[in-house]
Amino acid sequence: MHPLIQEIQAARSVVLSTHTQPDGDGIGSQVALYWALRKIGKNVRIINVDAIPKKYVFLNTHQIIESFDNLKSPIEKADLGFIFDTNDPKLLLNLWPQLKSQCRRVVFVDHHPILDRHPLKSDENIIDVEASSTGQIVFDLIKSLQIPLDAQIALPIYTSIIFDTNYFRYVRGSPTPHLIAAELLRYDIDPLNVHRRLFGNHTPNKLKFLSQILGTVEYEMAGRLGLVRVKKADMANLGIEMDETRDIIDMVMNVETIEAAVLFREDDKDQFKISFRSKGILTVNGLAQSLGGGGHQFASGTTLKGPFAEVRKNVLNAFATLFDALDRKAVSG
Ligand SMILES: [Mn+2]
């Protein structure tokens, strides 16, 4: 049993949060634990740095998610704080110092490897890098707390797993996500609706946007690396939300010859949110860490500042090193 279980049982007030630009895994995790902890009489609040993207409002039917710049009331002292789907306090922006000072203990619940630049003690994390999603860890946590599942808890966990595995595309050989999903489907949840909310949510403008972007993909490293750039002006022209750019890199990854892909999203002038994906031969979390970011072995990211040509060159150099090592290994057999 995790040493934190007793502490959770003893806690009276708990604050739940997730990283900036929250996604289906972080939101699903916090909503699931919210209802579970409410069921055992805890005082719970969900406070995020950013507002909830519109495709996830189906998880927020009771308006339980608050955003930091629009709080219902100030953040009071709490026994525990949980941060889902990251262990990088940087991704909590200016909410981090508040949580740190108001919560007796802050715990990172996550499936990303612990960052070298921010080590965590055992009572500061519930991390399982083998888990398909943070939602899967929350499922285990709710079981350990012996809180009975119901539809209100099952729906957000199911959403977490579906989102992070891209509908069971990234299960990494483990049957666990399928087994958990099968258990969750015993409750009154509608998997078709979850699919529609998460993936069948394109607007006509999104399709126009995709047709523009996908026409500009560049190939480097003898066709093994795909690069794609999302410009702020193009998003603004078609009214595209930041959250709507997430699936582009997965589309690039469907190109057969590609081993890895990079997406540069221009968030501001000379500021890029960069995502890395790999099909499995290359690991991209070391590369992301060396560029100030982090993430999983095969899905990671960072933020870089500077003119695009410079940023692109830095990223390309880092990949050249990875591909060189790969090719040398192939030669030496
Ligand atoms: Mn995740």
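Let me begin with D85, which at 5% relative accessibility counts as buried, where buried means under 20% relative accessible area, exposed over 50% and partly exposed in between, with a 1.4 Å probe and protein chains only. Please keep in mind that this is a predicted model, in which local features need pLDDT of at least 70 and side-chain atom pairs count only at pLDDT 80 or more, while totals for chains, interfaces and linings use all residues. Residues are numbered from 1 along each chain as its sequence is written, and side-chain values use heavy atoms, with hydrogens and water left out.

D85 is one of the residues that coordinate the manganese ion, together with D25, H111 and D164, at 2.1 to 2.3 Å; donors here are N, O and S atoms within 2.8 Å of the metal (3.2 Å for Na, K and Ca), and because water is not among the atoms, sites may look incomplete. D85 sits in the loop between β4 (78-84) and α3 (95-102), and H111 in the loop between β5 (103-110) and β6 (125-127), so this pair ties together parts that are 26 residues apart in sequence. Helices (H or I, at least four residues) and strands (E, at least two) are DSSP runs, numbered from the N terminus. H111, at 1% relative accessibility, also counts as buried.

Turning to the sheet, we have an open one of 6 strands in the order β7-β8-β9-β10-β12-β11, with mixed pairing, where two strands pair if DSSP finds at least two bridges between them. β7 (218-220) and β11 (294-295) stand at the edges with a single partner strand each, so one side of each is left without a neighbour in the sheet. β11 is joined by 2 bridges to β12 (residues 299-305), and the two run antiparallel, with G295 opposite S300.
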